[in-house]
Amino acid sequence: SGAGKSTITNLILRLYDPSKGKITIDGVDLKDYERESLREKIAIVLQGSVLFGASIRENIAYGRPDATDDDIIAAAQAANAHDFIMALEDGYDAVIGERGSTLSGGQRQRISIARALIRNAPILVLDEPMTGLDVGSEVLVSDALDHLMQNKTCIIITHDMDAARKADTVFLLEKGKITQTILEFSKPNRQVYI
């Protein structure tokens, strides 16, 4: 806690700009991107899922308002959410409480993952996506995240070193500074700019 993990997310989204140095994507400084254009390229799954008091269909489509019903169902299936959605009385039209209060933590995360999947953004930020889940939910959410992360640049913010093992590069942070970098050479080498 307090090491700067969430600050990295805020910087990537350009909620504020760095006071020193720069952050680049493919060698281009983030300051050279229009904020709206940059944010269209990023999907986020947060520890505390941000859901709205609306239907499940609307919550998933929030990631891409022009999504068809087939797109929404495909995203829900890939996120391991379709079965529990269909078990609800109104299925995809079921209205969930504000912040998803009528769903379990694992169900809320899978709806958030479906929303990120439907965006199909090339950059994915996962901020502690497994925190507070029971073992059964962890398995389903982990499988859904594996689908979500395919062919994307993923930034996973976590305290869980087991989750970090999937990464090509791991940065350990302490007091706002990178104290150690661990490279996984058994995976394809990718450049990381920070």
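This is a predicted model: local features need pLDDT of at least 70, side-chain atom pairs count only at pLDDT 80 or more; totals for chains, interfaces and linings use all residues.
How accessible is arginine 35: buried, partly exposed or exposed? Arginine 35 counts as partly exposed, at 37% relative accessibility.

**Close-up A. Arginine 35 and aspartate 17 meet in a salt bridge.** The N to O distance between these two side chains is 3.8 Å. Arginine 35 belongs to helix 2 (residues 35-40), while aspartate 17 sits in the loop between helix 1 and strand 1, so that distant parts of the chain, 18 residues apart, are linked. Aspartate 17 is also partly exposed, with a relative accessible area of 29%. Salt bridges with shared partners join Arg14, Asp17 and Arg35 into one network.

**Close-up B. Arginine 14 has a positive phi although it is not a glycine.** Look for arginine 14 in the loop between helix 1 and strand 1 (24-25). Its phi is near 60°. Most residues other than glycine have a negative phi. Arginine 14 is buried, with a relative accessible area of 8%.

**Close-up C. Arginine 57 forms salt bridges with aspartate 69 and with aspartate 93.** The pair with aspartate 69 has an N to O distance of 2.9 Å. Aspartate 69 lies in helix 4 and arginine 57 in helix 3 (residues 56-61), so this pair ties together parts that are 12 residues apart in sequence. In the pair with aspartate 93, the closest N and O atoms are 3.2 Å apart. Aspartate 93 is found in the loop between helix 5 and helix 6, so here the parts tied together are 36 residues apart in sequence. The model has six salt bridges by count.

Close-up D. Five bridges pair strand 3 with strand 4 (residues 123-127) in the parallel sense, and isoleucine 44 stands opposite valine 125 of strand 4.

**Close-up F. Ile44, Leu46 and Val50 make a nonpolar surface patch.** The patch covers about 180 Å². Leucine 46 has its place in strand 3 (residues 42-46), and counts as partly exposed at 32% relative accessibility.

**Close-up G. Strand 6 and strand 7 form a hairpin with two residues between the strands.** Strand 6 (residues 169-174) and strand 7 (residues 177-183) run antiparallel and are joined by six bridges. Glutamate 174 stands opposite lysine 177 in strand 7. Lysine 175 takes a positive phi near 50° in this hairpin.

**Close-up H. Asparagine 80 also takes a positive phi.** The value is about 60°, and the residue is not a glycine. Asparagine 80 sits in the loop between helix 4 (69-78) and helix 5 (82-87), and at 22% relative accessibility it counts as partly exposed.

Note on methods. Residues are numbered from 1 along each chain as its sequence is written. Side-chain values use heavy atoms; hydrogens and water are left out. Two strands pair if DSSP finds at least two bridges between them. Helices (H or I, at least four residues) and strands (E, at least two) are DSSP runs, numbered from the N terminus. Patches are made of residues with over 30% relative accessible area and no salt bridge: like charges are joined within 9 Å, nonpolar side chains (Val, Leu, Ile, Met, Phe, Trp, Tyr) within 5 Å. Accessible areas come from the Shrake-Rupley method with a 1.4 Å probe; for residues, only the protein chains shown count as cover. A salt bridge is a side-chain nitrogen of Lys or Arg within 4 Å of a carboxyl oxygen of Asp or Glu. Buried means under 20% relative accessible area, exposed over 50%, partly exposed in between (1.4 Å probe, protein chains only).
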